[in-house]
Structures are given as C-alpha cells and as structure tokens.
Amino acid sequence: MLPWINDTSPDLLADVRDTSLAKLVRDEVLNAILRGDLPPGQRINEPDVAARLRVSRVPVREALRELESTGLVAARKHAGVFVRVLDPKEVANLYELRSLLDGHAGRRAAALDRPRRDALVKRLVTLGREMKANARRRDVQAYYAANLAFHWAIVEATDNEPLTRTYQGIVQQLHLSRLRNLSRDVGMKVSIQEHDQIVAALDDGDAALCQRLQEHHVNAAHGRLLQTEGKNDGDHPIDRPGDDMS
C-alpha cells in the first residue's frame, strides 16, 4: 500500500550471507506491519518470525531493535516486542511535522525546471484520475494507495535524500494509525479538490502557493480526522482514522 514497500521472500532470505540478514528481516517485518499483517498492539513473536523466514533469532532481534528506533515497535520488559499504538498527541505531532515537510516539498517541486515539472505534473494528473475513479467506486483502500503515491511523487521530485528518508518515517508511523479502519470514504471529495489545486500551483510554478496548499492539505486532513473522532466517542481515536485521506 505504501509506494516504497518492497517485498522480500523466504527463499531470498535463506540464500544471502549472514551480514545481510538483519536488514532483510527488518524489511520483511516492516512490510508485514505496513500491510497490516502485524496490526498495532500485536506482539511480534521472535521464534515465529525466525521459523517463517528460515533464519536464526539473532538477525530477528537486530531487526526489531532497528524498528524500535524508528518508532514502529516498542519493547516491553518481560513481555516482548509489540507493534506500537500511537496516542492522539503523537499523531498530532506527526501531522504537524508532515505538514512542514509536504509544504517544503511542494515549494521545491514547484521551482523545478519546466521539463521536470511537466513530468511531475503528468504523473500527478494520472494519479489524480486514479483517485477520482477509486472514489466513484468507493474503493477506499485503492484511493488511499494512489493518494500516498501522489504525495510521495512530490517528495521524490525534490531529489533530497534526507527529506525523503524523514518523510518515509513519518508517513509509516501515521500509517499505523490508519490501519484499523480503511473502509470509510469521509473526506475523499474535499481531498480530491485540494489535490487539483496543488497540481495547478505546481503547473504554474507558483512555489509559495504550492507550499501553502500542501501545508493546508495535511492540516485539514488532521482536522477532519479529529472532527470525525468527536462524533464517535465510544471508539478509541487511534482505532478509527480511515477518513483521513491526505
């Protein structure tokens, strides 16, 4: 679902040298988390992971330590390692930071030379059509995937490796808060309109406007999420964020 997920396989893991195992195990566990196979709150069983991937428990431990440093899993003393459940303040802080990064990426992308900007706009228009088609079919998960690809294309266009790496980490953590419910379509219509405005600003090369639109888009998505949560007091706020379609 996330545009940068690369699946690994047990056969590949069995054939590589020990020095590469921890990274490959990390990628496999990471993908399982991002796909929702290991949902928030789920305990990650080291022996099961090792047996499934046909590796020893050493690279599994190393992989889980690295994932803990990213904020995706948490180790509990005498209990094991669990996929994290983000609290509302953590989600708010991540949205705040994502807004700044998306805004910066929009400014940078709108300042690209005309050929590169044209290529980006073409890609975004294609993704915009996908989102509109998915919205008509009420296919929320397909819409969500195309939406993530839309914003990732803008970030990638900046050709700024520290920015892309940081952005990845933030979106992956926010993804945890969306996995419990990707079935509702609240916010898609407004989100599509905001995407169209972003593409128009990019096409015009208006860097300042593109930055403002990107920041507003992310902040508005968080606001819609909070409004919807307020209407459903019986649900845990992090258990039901599927209407955030930023």
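Q: Over the face of which residue does Arg-76 lie, and how far from the ring centre?

A: A charge is taken to sit over a ring if NZ of Lys or CZ of Arg is within 6 Å of the ring centre and within 35 degrees of the ring normal. In this structure Arg-76 lies over the face of Phe-82, at 3.9 Å from the ring centre. Bear in mind that this is a predicted model, in which local features need pLDDT of at least 70 and side-chain atom pairs count only at pLDDT 80 or more, whereas totals for chains, interfaces and linings use all residues. Side-chain values use heavy atoms, with hydrogens and water left out, and residues are numbered from 1 along each chain as its sequence is written.

Q: How many aromatic pairs does the structure hold?

A: A pair of aromatic rings is described by the distance of the centres and the angle of the planes. One such pair is present. The ring centres of Trp-152 and Tyr-167 are 6.4 Å apart and their planes stand at 25°, so this pair is stacked (rings of Phe, Tyr and Trp, the last by its six-membered ring, pair if their centres lie within 6.5 Å; planes under 30 degrees apart are stacked, over 60 edge-to-face, and the rest tilted).

Q: Where in the chain are Trp-152 and Tyr-167, and are they buried or exposed?

A: Trp-152 belongs to helix H7 (residues 140-157) and Tyr-167 to helix H8 (residues 161-176), so that the pair links parts of the chain 15 residues apart (helices are DSSP runs of H or I with at least four residues, strands are runs of E with at least two, numbered from the N terminus). Both Trp-152 and Tyr-167 are buried, a word used for under 20% relative accessible area, with exposed for over 50% and partly exposed in between (1.4 Å probe, protein chains only). Helix H7 also carries His-151, which counts as buried at 1% relative accessibility. The side chain of His-151 makes a polar contact of 3.2 Å with the side chain of His-195 (N or O atoms within 3.5 Å; within protein, one able to donate a hydrogen and the other to accept it, with residues adjacent in sequence counted only if both atoms are side-chain atoms).

Q: Where is His-78 found, and is it buried or exposed?

A: His-78 is found in the loop between strand S2 (73-76) and strand S3 (80-83), and it counts as exposed at 80% relative accessibility. Although His-78 is not a glycine, its phi is positive, at about 65°.

Q: Which residues have the most contacts inside the largest nonpolar core?

A: The largest nonpolar core has 65 residues, and those with the most contacts inside it are Val-29, Ile-33, Ile-44 and Leu-202 (a core is a set of buried Ala, Val, Leu, Ile, Met, Phe, Trp, Tyr and Cys residues joined through side-chain atoms within 4.5 Å). H7 gives the most to this core, with 12 residues. Leaving aside neighbours within four places in sequence, Ile-44 is in contact with residues including Val-29, Ile-33, Val-73 and Val-83.

Key. Contact means heavy atoms within 4.5 Å.
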